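Q: I am new to this structure and would like to learn how to read it. Can we go through it one feature at a time?

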Amino acid sequence: MTEEFLEEENKKIAQQYKELLRISYRRLTTEDKKLIRQAFDVAVDAHKDQRRRSGEAYIFHPIAVAKIVASEIGMDATSIAAALLHDVVEDSEYSLVDIEQMFGETVARIVDGLTKISSLKKDKDVSLQAENFRKMLLTLNDDVRVIIIKIADRLHNMQTMDAMRPDKQVKIASETLYIYAPLAHRIGLYNIKTELEDLGLKYTEPEVFKDILNKITESKEEQDAYIRRFSETLKEGLDKEDLTYEIKGRPKSIFSIRKKMVKQNVTFEEVYDKFAIRIIYKGDDQNEKFIAWKIYSVVTDFYRPNPVRLRDWITQPKSTGYEALHITVIGPESRWVEVQIRSERMHEIAEKGYAAHYKYKNTGEKEDEDGLDGWLNRLQEALENSETNAVDFVEEFKLNLYAKEIFVFTPEGDLKSLPKGATALDFAFSIHTEVGLHTRGARVNGKLVPLSYELRSGDQAQIITSEKSKPTSNWLDYTTTARARAKIKSSLREEKKQIAAEGKIILSRKLKSQKITLNEKVINELVLYFKLKTSLDLFYRAGIGTIDNKKIKEFATTRSNVFMNFIKNRIRRTPKTEDLNKDEITDKYDLLVFGKEEEKLEYKFAPCCNPIAGDDVFGFVTVNEGIKIHKNDCPNSLQLQSNFAYRIMPAKWVDSSQEEFKATIILSGIDNMGLVNQVTRIISNNMLVAIHSIKFDSNDGVFTGQITLGVKNRNLLKNVIQNLRKINGIEKVTRE
Ligand code: MN
């Protein structure tokens, strides 16, 4: 590199730096500028010998990231400085301690978070990758600015990926579509989300991307002409009202066109044919809502509206803070046109999200639990609670990121925002964890409904609680929100531990009668003998009765046999491990089930990765050959997951001996007071039996009942039936 070239480059760097200060969305004080200058100097020094793959000096990258942070996202000086420093600790001799000494604790903490994220192991294994995402999300714990700067970093990397190896491009692009775009969406960074998605598509499906881009360019002129015609008519009416406004066509992103084409199975023309325009007006706090409806009235004077397509996000903003009035009208040539009416303030929030939201937020106001802060709090809770496997967690988390919202009233008239598809039980958990955990029933619009009842916007919901109610595994089928599911799972785990504690006592008693003392050695033998993974698992089975006297006897016999030598050898070879106390229940996986409902379906194993029982797998719905099972770390997995997400069926291995089965029992007898009570008490006294449905009839003093139960094993069912027979007045109890 010639001296001349380097001189030229230094000039460019200085230019970029000046521009960074100029385009900042927030006004920078002299103090701010000093901080940014210092960060710039340190970054220049730290990266002085580094070049990017494209050949340019590395420092251009942190400056570009800082520019996105400063201008497009509109963050504060602290964030701009942290963005400039984001790769310093990872790439140079500067340590975190140095950063803290020079820039203080906040900047150091953010840089630390960013360094941790980028040093997470880059692995092809989907579950490891998901675990990384989870760890990354945990950095929200420290400061949401970490994630925001990370998103800016990712955006710039996506913008400058051309020089990279194609396989790396695809990997980074899928990861972007998988997690960064949804995150940007949820934080309210709509412009960045759109750009991430379009760039993601460009590298994962280049042909499709080019095709749509060409078509947009071709039809652009015609579109512009149509929107001009539409707007000119409107102008007549709007100008009479003496308003300051601007009409713009709303650009459609390539990714969203592609998504619609796939999802609705329609052509480009059919998607692109729907026009959208925006009317952005000047208004102040007092009249902003009033003007929106005034414009609504003008628009509908000229064009007939579709009444079911009215969305009033002004009266009730989305939880991301989005506000606008959306209507769809019939424009010239009878074509549907969506009109979005927004004030300048609303528009800024819609474009910039996070920063603008805070800029306009009145301080001193009560914290908005449903706003971004509320969301971050709930996210935090879900993360802290989550001991589930990382893939499930990220999947669930992602669902929540993109979920459309519904609004439900509490009995006090407060509004709660929930993701679409949320159930009465989700609502209970959204009120308070304690309410959720003790939910007995729910009333929606005054009527009793099942816990799985799917709520709709405008419903008024009320939760009935009882001290005795507690979560069962069925509750997982009744809930969709990450928050509720995390709470239920941790409560179920607690219960499992309780049962195991009782099981340990039972087991010790049973072994005693076989003259065996329960000690660590025996526990290890039992775990191996029953092909289990942990001691917890062993005790749990003793607790629910799957390991009964018969099995214990068998064990005792085998133990005295020569066969034991074999087992002993194995024990010697198996390191005496802390593994035994791990929360994982079993590795005796023998049954593959699909989806949240854990359905049993027909399937075949994919020849590309040949999964075996116990592998982390997913189902892929093929065109001609039904469901094929792939390993999560199958070489084809990322491509399948990112391109055909709608054909992926979550699947998991379960232990069939741990499954509960359903049984229906029929009762009859003489109808007397309190009978129903006694019946339900006997059943619900047993922790291991769940009531699925219950029906009682009474006719001329004769009582009949039908109860469907979920039980863990047949002995339990026998016990329940025997106890029911003892009730005074019951004549017959049979199993259907
Ligand atoms: Mn970077």
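Q: How many of the five residues of strand β14 are buried?

A: A note before the case: this is a predicted model. A residue is called buried when its relative accessible area is under 20%. In strand β14 (residues 617-621), four of the five residues are buried, and the strand is mostly covered.

Q: Which strand is joined to β14 by five bridges?

A: Strands of a sheet pair through backbone hydrogen bonds, and the pairing is either parallel or antiparallel. Here β14 is joined to strand β15 (residues 627-631), and the two run antiparallel. Within this pair, Phe 620 faces Lys 628 of β15. The hairpin of β14 and β15 has five residues between the strands, and Gly 626 there has a positive phi near 70°.

Q: In which sense do β14 and strand β16 pair?

A: The sense is antiparallel, with three bridges between β14 and β16 (residues 648-654). Phe 618 stands opposite Pro 650 in β16.

Q: In what order do the three strands of the open sheet with β9, β10 and β11 lie?

A: The order is β10-β9-β11, with antiparallel pairing. The edges are taken by β10 (447-449) and β11 (461-465); each has a single partner strand, so one side of each is without a neighbour in the sheet. On average, neighbouring strands of this sheet are turned by 35° against each other, direction ignored.

Q: Which helix packs on this sheet?

A: Helix α19 (residues 424-431) does, and it touches β9, β10 and β11. The direction of α19 makes about 80° with that of β11.

Q: How many bridges join β9 to β10?

A: Strand β9 (residues 439-444) has three bridges to β10, and the two run antiparallel. Val 444 of this structure stands opposite Lys 447 in β10.

Q: Which residues are the protein donors of the manganese ion?

A: They are His 61 (NE2), His 86 (NE2), Asp 87 (OD) and Asp 153 (OD), at 2.2 to 2.5 Å from the ion. Along the chain, the donors follow the spacing H-x24-H-D-x65-D. His 61 belongs to helix α3 (residues 60-73) and Asp 153 to helix α8 (residues 144-159), so this pair ties together parts that are 92 residues apart in sequence.

Q: Is His 61 buried or exposed?

A: His 61 is buried, with a relative accessible area of 1%. Asp 153 is also buried, and its relative accessible area is 7%.

Key. Residues are numbered from 1 along each chain as its sequence is written. This is a predicted model: local features need pLDDT of at least 70, side-chain atom pairs count only at pLDDT 80 or more; totals for chains, interfaces and linings use all residues. Side-chain values use heavy atoms; hydrogens and water are left out. Donors are N, O and S atoms within 2.8 Å of the metal (3.2 Å for Na, K and Ca); water is not among the atoms, so sites may look incomplete. Buried means under 20% relative accessible area, exposed over 50%, partly exposed in between (1.4 Å probe, protein chains only). Two strands pair if DSSP finds at least two bridges between them. Axes are lines fitted to C-alpha atoms, for helices over the stretch in contact, and angles run from 0 to 180 degrees between N-to-C directions. Contact means heavy atoms within 4.5 Å.
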